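Dear colleague,

I am passing on the structure below, together with some notes on what was found in it. Please read the notes with the structure open beside you.

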Amino acid sequence: MGFTRILFLTLLFVCAADVQCQNVKIFNVKKYGAIPGGKTENSKGFLEAWKNACQWKGKAVVLVPAGTYLLDSVKFEGECKGYMIFKLKGNVMAVSKLKDIDRWITFKYVNGFTLAGRGTFDGQGHKVWPCKKNGKCQTLPISLRFEFIKNGNLQNIRSINSQNAHVSIIASSNLNISNIKLSAPQDSPNTDGIKISSSEEIRITRTTISTGDDCVAILNGSKNTHISQVYCGPGHGISVGSMGGNTVINNKDIVVGLTVKNSTFTNTSNGLRIKTWASPYQGLASGFTYEDIIMNNVENPIIIDQQYCPNSPCNAKSASRIQIRDITFSNIRGTSRSKAAVTLSCSSVVPCKNIVLKDIKLVYTGNGGPASSICSNVHGYSYGVQNPPSCFRSA
């Protein structure tokens, strides 16, 4: 029995109680001209399959079967007439030079969407990273962009060697990301795992991210982001921001509602990081909870850095205007490569408020004494075990 028929029967079985779901149709990219083998560019066949599937009034499955498919930049856009499933069973590989400088594969304007299938997206980043490192190219394409997506799922896929970030989520809501693997070499430039901006109710769980930049970056306009059971490393940790820099909207930068729990960081340059530029832009970072986190040989396990200034237009001598408040770190344990295992360096203009440290157990693995804390312009409380010793009074 062919794979297509097996998939069709499986979907029917799963959706037997759902009248709309029973109306399933499969759109195999090979039937629209896509050719596996890794030598023929296939954007025409992929787009034709999507176009036809998007008009189906039921559940439409765009199927990429086994094989390697060479693909240039493509945009899969709605609005669609039914629920869309992009089923990746094979491998999709970027062409040597993508026609779009900022994106490879984009899904846009879809309400009701799933990307799944245990296949691999290969961005072929090793071909262009030298250009980025030597400064000859400023912008490289993001592998997977999700823009204006509502009620979606991203599961069981793999992304390797992205030229820029692996996944970017913009202006989307109610997305579930689970069981995915994102990987690029530790020295690859700007290969963030997942970047989230102007989106709400994004849930990431049971995911492994090994990159050359942030495992997850939560940026301006993000609201109610939930992260659990994520394995991060190598990479730069899970970061809020940077805020107050080039992503400001209407002179304000706001991130509210974040939960990170039951996750592990190994050999990362940072663990749990909040970073804001020393710039005049105002904003708010509020309502974050970090709990039940393991740190294995992490450079900066807990860090708030409000003097982040990688380049102009910020001024390292000025103060950040981003207010950070209502942040809880609970049951954070493991080992730190830096003596300052907890760094809370806040703004002199808008000091951090209501920062809570509860049961912190971080051991410095180097020489020169036990782990320490560095704090400035911060108000908060500590509870339970505090190693290193807290800057706050015990509540």
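A disulfide, meaning a pair of cysteine sulfur atoms within 2.5 Å, joins cysteine 375 to cysteine 391, with 2.0 Å from S to S. The torsion about the S-S bond of cysteine 375 and cysteine 391 is about 85 degrees, so this disulfide is right-handed. The pair links distant parts of the chain, since cysteine 375 sits in strand β26 (residues 372–376) and cysteine 391 in the segment after β27 (378–387), 16 residues apart; strands are DSSP runs of E of at least two residues, and helices are runs of H or I of at least four, numbered from the N terminus.

This is a predicted model, in which local features need pLDDT of at least 70 and side-chain atom pairs count only at pLDDT 80 or more, while totals for chains, interfaces and linings use all residues. Residues are numbered from 1 along each chain as its sequence is written, and side-chain values use heavy atoms, leaving out hydrogens and water.

By the rule above, the count comes to four disulfides. Another of them is formed by cysteine 54 and cysteine 80, whose sulfur atoms are 2.1 Å apart, and its torsion of about -105 degrees about the S-S bond makes it left-handed. Both cysteine 54 and cysteine 80 are buried, where buried means under 20% relative accessible area, exposed over 50%, and partly exposed in between, with a 1.4 Å probe and protein chains only. By contrast, cysteine 375 is partly exposed at 26%, and cysteine 391, at 39%, also counts as partly exposed.

Best wishes
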